[in-house]
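Work through the exercises below with the sequence and the model open. Each task is followed by a stepwise solution.

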Amino acid sequence: MRFLLTDEQREFAQALDGMLSASGTPAVARAWAAGDHQPGRTLWTRIAGAGVFELGVPEKHGGSGLLPVELTLSFEELGRHAVPGPLVETVAAAVFLEQLGADAEAGEWLPRIASGGAVLSLCAGAGPYAPDADAADPTYALDANGPARYALDADAADAVLVIQGDTVSRTDTHGPVQSSLDPARRLARPLDGTVLARGPAVTAAAAHATEVARLLTAAQSLGLGRALLAATVSYVRQRTQFRVPIGSFQAVKHRLADTLIGLEFARPLVHAAALALAAGAPSAGREVAAAKVAAGEAGYAAARTALQLHGAIGYTEELDLSLWIRKARPLRDAWGTPADCRARVLTR
């Protein structure tokens, strides 16, 4: 299969890139990490104005229908510019509510999501469709009462949907904000809320929402990796050692080439997974999981390359590059670690 983007798709991605380039996203990310959500909400409105959230909302609620390919292109750009906030979770929540068939909730939230007027976070419990976590991004923890999940950016969200097994509830209260490897990914434990639905329909809707979330997280990782590689290439052309740019050293060239190959191999997997999801193919879940592994690992490898080749300054928080570097591992592991996604690829 030969996959080529249409002119409209390319122009849409370019327009979104131009808008984000002019929005000063590093400053927005730093403000978000400090708990100041106003710049982020302003940028959120601009992203909605570009039509991004409409791509995950059905037409009857003011959207364009679920368009996985266009969503993938959008989230690649959002990852490339390190835009903070529960972007993936909001789209996944919209998909979940539509699949669930909760007309009242969908009618309340989906038009607001499409217009940028609502920010939601989706927190899956300890079940087969839960977003997996690790020490880098602890959306999972243990306490005296057993397993407990953390929601991404619950303090900035208008509501959090909490899925625990075959039950979904909605809450707008949460516990203290916890630290993460990425300061712009703020974590908080959602508190008890109102039960919306129970039963197999919740499980099925959660499964589909998880596939969408994995795909969009993979796209973010891909965009993040592209940004890190571009910044590193620019740096090694400027930094000199022994009176020559360090980019002329064979070891540096090989490291950059390996990073580029990883990203170039991941991109067609992400696009193919989007096509499979759009077509409702039986293999869509496995293709999305494969794309998530490839893009997550490629983005993380790009972060390691950037950190090493930037030398000592790569470790400093003052350098904007740190906003991208510290996001790579949480994105790699959010909504399915590499091990979990590989296991999904092997299942039917």
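**Exercise 1.** With which residue does Asp158 form a salt bridge, and how far apart are the closest N and O atoms?

Solution. The model is predicted: local features need pLDDT of at least 70, side-chain atom pairs count only at pLDDT 80 or more, and totals for chains, interfaces and linings use all residues. Residues are numbered from 1 along each chain as its sequence is written, and side-chain values use heavy atoms, with hydrogens and water left out.

Step 1. A salt bridge is a side-chain nitrogen of Lys or Arg within 4 Å of a carboxyl oxygen of Asp or Glu.
Step 2. The partner of Asp158 is Arg41, with the closest N and O atoms 3.6 Å apart.
Step 3. Asp158 lies in the loop between strand S4 (151-152) and S5, and Arg41 in helix H3 (residues 38-49), so the pair ties together parts 117 residues apart in sequence. Helices (H or I, at least four residues) and strands (E, at least two) are DSSP runs, numbered from the N terminus.

**Exercise 2.** Is Glu76 buried or exposed?

Solution. Step 1. Buried means under 20% relative accessible area, exposed over 50%, and partly exposed in between (1.4 Å probe, protein chains only).
Step 2. Glu76 has 1% relative accessibility and counts as buried.
Step 3. Its salt-bridge partner Arg267, at 3.5 Å between the closest N and O atoms, is partly exposed at 27%.

**Exercise 3.** How many residues of strand S1 (residues 120-124) are buried?

Solution. Step 1. The count is 5 of the 5, so S1 is largely enclosed by the rest of the structure.
Step 2. Leu120, Leu122 and Ala124 point one way from S1, and Ser121 and Cys123 the other way.
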